[in-house]
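I opened a new model today and wanted to know how its parts pack. My notes follow in the order I looked things up.

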Amino acid sequence: MASFFDGSDIVGTAIEIERRGRNVYSKAAAAATNPDVKSFLEFFAGEEARHQTIFEAMAGRISKIEIPAGSDEAEYMDYVQALLDSHALFCGGAPEQDLANASDAIAAIELASRFEKDTILYFREMMDLLPQNESDIVKQCLNEERGHLRQLRAMLVKLRNKS
């Protein structure tokens, strides 16, 4: 995906995750036939847009990143790169089409859960790289992403109980 040189790269990647997530959820919502799933996906598109705005505001304030103490810089950045390369929104294909074309609502929610889990992993690492004041903002978004994953899992249980 991207090589990191400074904090703006880290934040820029978070912006891109949220932008792509918003697009994926919006397109999937437009294609959804189940009204509950449609409104659910529309809600998530709005959440991704809100997070994108938060990270855009942060982007101009960040210049320095700090590799966690005791970490080898090259190895750590390779690890972060591997997180991105394996993120459902970056690892090839067309995630918005995958979500929109999911065989059923259950498959769509399972795929959306994967997006959220991958984002949680990235944000968790991002917190360790940024200055404390900015890390707190990322933590807020991270906690919201955790909530999204719980909501997706609850919807999955609801859909499975209906079938």
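Predicted model: local features only at pLDDT ≥ 70, side-chain atom pairs only at ≥ 80, totals over all residues.

**Entry 1: overall make-up**

I counted secondary structure first. The protein chain has six helices and zero strands. Along the sequence I read the pattern α-α-α-α-α-α. I then checked burial. Of the 163 residues in the protein chain, 47% are buried. Next I took the contacts between residues at least 6 apart in sequence. Of these, 78% join residues at least 24 apart.

**Entry 2: α3 against α5**

I looked up the pair α3 and α5. Their axes lie 10 Å apart, and the packing angle is about 150°. Angles over 145 degrees count as roughly antiparallel, so α3 is roughly antiparallel to α5. I logged the crossing of α3 past α5 as left-handed. Which residues meet here? From α3 I listed Y76, Y79, V80, L83 and L84, which meet L121, Y122, E125, D128 and L129 of α5.

**Entry 3: α5 against α6**

I moved on to α6. It packs with α5 at an angle of about 160°, and the two axes are 9 Å apart. That angle makes α5 roughly antiparallel to α6. The crossing of α5 past α6 is left-handed.

**Entry 4: α2 against α5**

I then turned to α2. The axes of α2 and α5 cross at roughly 20° and come within 12 Å. Angles under 35 degrees count as roughly parallel, and α2 and α5 are therefore roughly parallel to each other. I noted a left-handed crossing for α2 and α5 too. On the α2 side, V37, F40, F44, E48 and F55 take part. They meet A105, I109, E116, F123 and M126 in α5.

**Entry 5: α2 by itself**

How far should α2 span? I worked from 1.5 Å a residue: its 25 residues should span 36 Å, and the end C-alpha atoms are 36 Å apart, so the two values agree. I then listed the buried residues of α2. They are V37, F40, L41, F44, A45, E47, E48, H51, Q52, F55 and M58. I marked E47, E48, H51 and Q52 on that list.

**Entry 6: the largest nonpolar core**

I looked for the largest nonpolar core and found 46 residues in it. F55, Y122, F123 and M126 touch the most other members. Which helices supply at least two residues each? They are α1 (7–31), α2 (35–59), α3 (73–85), α5 (105–129) and α6 (132–162). The largest share, eleven residues, comes from α5.

Leaving out residues up to four places away in sequence, F55 touches V11, A14, I15, E18, F123, M126, V138 and C141.

**Entry 7: R22**

Last, I checked R22, which lies in helix α1. Is R22 buried or partly exposed? Its relative accessibility is 25%, so R22 counts as partly exposed; the cut-off for buried is under 20%. I then compared R22 with A49. The two are 27 residues apart in sequence, yet 5.9 Å apart in space, C-alpha to C-alpha. Setting aside residues up to four places away in sequence, R22 touches A45, E48, A49 and Q52. Of these, I had already logged A45, E48 and Q52 as buried in α2.

Definitions and conventions
Residues numbered from 1 in each chain as written. Heavy atoms only, no water. Core = buried A, V, L, I, M, F, W, Y, C linked by side-chain atoms within 4.5 Å. Buried < 20%, exposed > 50% of the residue type's maximum accessible area, 1.4 Å probe, protein only. Helix = DSSP H or I, 4+ residues; strand = E, 2+ residues; numbered from the N terminus. Contact = heavy atoms within 4.5 Å. Expected span 1.5 Å × (residues − 1). Axes fitted to C-alpha atoms, helices over the stretch in contact; angles between N-to-C directions. Parallel < 35°, antiparallel > 145°, perpendicular 65-115°, else oblique. Left-handed = near helix turned anticlockwise from the far one by under 90°.
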